[in-house]
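Hi,

Here is the structure I promised to pass on. Have a look at it first, and then read my notes below.

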Amino acid sequence: MADLRALFSSNDPSSFDVAEAFTDRHSQWVLVAAALEEHLRRIAGPSFDVEDLEAPRSNVIVFHGVGGVGKSTLLRKIEAALTAAEHRPEQWGAPTWTDRVLPIRIDLSRAASTGSDFERVILTIRLALAEALGRPMPSFDVALRNYWEHVHPGEPLDEYIRRSGLAGKFADMLPQQLQAGVGEVAAALALPGLVGSVAGQLTSALVNALRERHERAQALAGATRTAALLEATPDLEALSYYPHLLAWDLSRLPAKKRIVPVVLLDTFEDTADRHRDFERLLQRLVWLMPGTFFVIGGRSRLPWADPALHGQLDWTGPAAWPGLAASSASLTVPQPRAAGSGARQYLIGDLSPEDCETHLTRRLVQDGQPLIGADIRAAITARSHGLPLHLDLAVSRFLEIRRTGRTPTTADFDCTFPALLARTLSDLTPEERHLLRSVALLDAFDLDLATQTAGFTHQAAARRLAERPLISENPYALWPYHLHRAIRSAVQDDEHSDDRWTNADWHQAATRALAALGDQWAKTTALAPSRMLLVACLRQGLRLARDHGLTGLGWLIEAAYVYTDDSVWEPLALPTPADPAPDTPADAVAELLTAIARRQHEHRQRTADRLTAVLDTGLLPAELTEMALYYRAKAHKDLSHNAAARTGMQQVADADGRLAPKARRGLANLARLAGDFPTALAAVPTLGWTGRHHRVLGDIHWSQADTAQAVAAFEAGRAEAEQHGAAGERAMMQVRLALAVSFTDPDRADDELALAHQLLDGLDQRSNTLLAQVVALIKDAGTSDVTDRAQSLNAEIEAAGLPFLHRFVELALAFHHAVRGEDQALAATIDRLRTLTATGDFAYFTDIAHFMAALPLPGPSTTRWTTSEDDVRSAWRGLVQARQEHLLAGN
């Protein structure tokens with residue numbers, strides 16, 4: 001269809017070619033019609049064999065896209081168009097084939113709760129054939145009857161069909177045809193007495209006849225694999241292979257009765273389960289019925305051509321499904337020739353960036369080249385978020401600017417279109433329009449959040465809006481609904497609508513939204529803490545407070561403490577503001593939490609600088625100032641700036657606020673790092689759970705080679721963390737437990753380290769992840785590749801800005817060289833340790849390295865142990881000797 005609007009936009013329309021792209025799903029119909037025509041030609045050819053189970057399959061076409069964009073409508077329209085000409089949209093045109101086709105649409109959302117619902121799919125297809133053909137399918141019907149009597153004993157098939165609502169007035173038709181099929185088989189076997197017998201007897205007789213090559217039996221049910229299928233235990237697994245018999249029966253129909261089923265599988269995403277059990281059964285259906293054409297609609301691409309699924313499904317890879325391979329570009333706007341290209345997967349609804357580029361490239365063409373330049377195409381694509389209507393409006397704007405004689409630029413398309421919003425609002429009620437603007441404030445929402453943000457007391461309007469196609473739904477998300485991003489931008493930029501909001505309106509709605517998020521978080525936390533909800537509320541709440549200048553931060557302060565308490569550090573991923581310098585309290589809080597979370601990915605000096613800048617603004621609420629001071633002190637400790645770390649920790653401890661126990665723990669750790677173990681030990685009873693007393697105690701014990709006491713402390717700390725549901729602390733305790741065990745028991749250390757990696761997964765604790773790599777070096781001490789691994793690990797530590805970990809690597813090397821008796825390498829390691837500990841912190845590591853090798857200290861030590869120096873020396877030397885004996889025993 002021609003684009004008449006574009007045709008009349010220029011005095012010289014012949015100077016460029018215009019291709020209309022979006023015309024009532026016409027392009028999708030063209031794809032289906034062409035693929036079906038190709039399928040009909042192929043199965044009519046002499047080389048087609050319904051029993052060929054090795055040939056690639058091209059009997060399927062897939063339409064995928066986000067929810068609510070019309071996939072189900074498209075499949076229903078295709079079903080209607082294939083049923084009767086009067087139901088086919090006029091612009092779709094008449095099909096060219098003359099073969100008789102039978103459309104069968106199956107809504108998988110009603111048949112996906114369990115794998116057994118595969119029965120519904122099979123029965124739906126067989127019922128449709130029963131109605132259309134009025135005759136039995138002998139080999140399939142015998143197998144189905146045998147299956148039914150075994151799996152549903154005593155339950156008549158017709159009653160099941162009526163109860164499940166599968167066929168309405170045709171409920172009796174299938175059982176009658178099954179009985180007729182039984183009679184046909186019994187007559188073929190010349191055994192009329194079997195007509196009323198149980199299915200198992202008839203099945204056994206048919207199998208025997210087939211095995212003995214009974215001519216009439218083979219003519220009636222002689223597919224190569226019929227006997228083997230009938231001999232198999234009649235269960236769900238066997239049922240999934242029976243479509244092979246149905247395909248064979250269809251291929252044996254007389255020419256006048258020949259019919260080609262077109263099965264439309266709608267809402268394919270509802271087949272998803274962890275092990276792809278239902279999907280596996282459906283794939284068998286498609287593969288075993290190569291003469292049937294399948295149209296599949298779902299939210300995602302069908303991944304059957306992905307070799308990675310090998311073993312999860314029966315047939316995978318591009319050789320099996322050439323039309324589903326990723327290289328087959330999803331063209332929502334295909335050129336006419338693309339219909340026969342072999343591609344069988346197409347995106348509908350929102351377009352991918354590649355599809356937007358394809359559309360804009362082909363939309364306006366001059367002398368064989370795109371009229372819209374690449375830079376403008378990129379700008380339009382970015383602003384459209386894949387919305388086809390935005391692309392159309394952008395093309396119109398391009399032609400409008402061009403008509404004025406000016407050359408369009410990318411800046412002309414950094415905008416939203418009032419027309420897009422006008423079309424969106426046109427059929428909404430006043431309540432829904434108000435709700436639309438309200439939810440435009442939110443990245444995602446549920447009905448309750450939308451209702452409170454709008455200031456309503458009832459959810460009915462939110463429910464109606466959620467059912468509109470401009471709202472996408474992901475039922476598995478924390479908040480299931482989100483407004484299309486292009487429409488959201490248009491709503492937020494609206495300056496033309498009669499009922500557009502003022503700045504005060506936006507501010508009031510943002511205040512309601514922030515309160516609603518806090519209310520939802522508080523109520524959920526009261527029942528059961530949810531880390532996912534906490535982070536999601538923080539992301540939305542901080543952005544709302546920052547973007548709309550909200551001053552009453554309220555629950556955000558408490559949420560900030562809860563976020564930092566567990567040391568998980570999910571990225572908050574707030575959009576970067578135009579002015580990066582904080583100028584409101586919300587800005588300061590957002591920068592504070594971002595700096596704390598980002599320290600897992602940035603050099604610790606960068607963290608210290610960012611926190612200093614936040615503190616210098618003076619914008620932080622008083623309740624959060626100590627948080628900035630505490631984490632800056634932690635960054636200083638990691639950088640080995642221990643004087644600054646002590647000052648910061650002491651400042652927080654003296655304030656006696658919420659973080660005072662953690663600051664006191666920090667001071668105890670700093671005392672330990674300075675080698676003052678008695679002071680650190682004396683602080684432990686004052687710390688409690690908040691001050692992580694078990695962690696501090698365990699670090700004191702392992703440093704003095706008292707590994708049994710260290711393991712006990714770390715195990716107690718891990719158990720306490722589990723009691724408090726503190727995943728981050730539990731992972732830290734497990735890494736330290738593995739550290740203590742790694743010196744004494746390499747075999748157990750393997751298991752403890754594996755658990756540590758499992759607990760660290762997803763927590764984003766960079767220093768502990770690197771420490772776990774040190775543990776791996778210690779447990780492998782005495783083996784051949786430890787030195788090379790240590791060099792690589794040092795490079796990672798340097799990049800992370802965690803210099804304190806270099807000392808741990810050198811300590812691991814000292815243990816390794818002592819075990820191997822490599823005196824020269826050990827001396828070099830001790831020299832490096834002496835340099836790394838010149839400030840006095842971790843100086844006791846140098847003492848330990850001497851103890852390991854039974855070397856005398858070069859001079860008096862500043863380390864104050866909790867027991868005698870001789871006891872510590874003896875303990876460390878004992879660990880080295882034990883490892884040597886372990887390695888000898890292993891050889």
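What follows is a short tour, from the whole chain down to single residues.

Before you start: this is a predicted model, where local features need pLDDT of at least 70, side-chain atom pairs count only at pLDDT 80 or more, and totals for chains, interfaces and linings use all residues. Residues are numbered from 1 along each chain as its sequence is written, and side-chain values use heavy atoms, with hydrogens and water left out.

The protein has 40 helices and 10 strands (DSSP runs numbered from the N terminus: H or I of at least four residues for helices, E of at least two for strands). Of its 891 residues, 54% are buried (under 20% relative accessible area with a 1.4 Å probe, protein chains only; exposed is over 50%, and partly exposed is in between). Counting contacts (heavy atoms within 4.5 Å) with a separation of 6 or more, 69% are between residues 24 or more positions apart.

Now the inside. Leaving aside residues up to four places away in sequence, Met-627 touches Ala-560, Tyr-561, Thr-564, Leu-592, Leu-593, Ile-596 and Leu-659.

Helix 4 (residues 118-133) and helix 13 (residues 277-288) pack at about 25°, with axes 10 Å apart (the axes are lines fitted to C-alpha atoms over the stretch in contact, and angles run from 0 to 180 degrees between N-to-C directions). They are therefore roughly parallel, the word for angles under 35 degrees. Phe-118, Val-121, Ile-122 and Ile-125 of helix 4 meet Phe-278, Leu-281, Leu-282 and Leu-285 of helix 13.

Most residues other than glycine have a negative phi. Phe-842, in the loop between helix 38 (823-836) and helix 39 (843-852), has a positive phi near 65°, and counts as buried at 4% relative accessibility. Ala-854, in the loop between helix 39 and helix 40 (869-890), has a positive phi of about 60° and is partly exposed, at 47%.

Cheers

Note on methods: Parallel < 35°, antiparallel > 145°, perpendicular 65-115°, else oblique.
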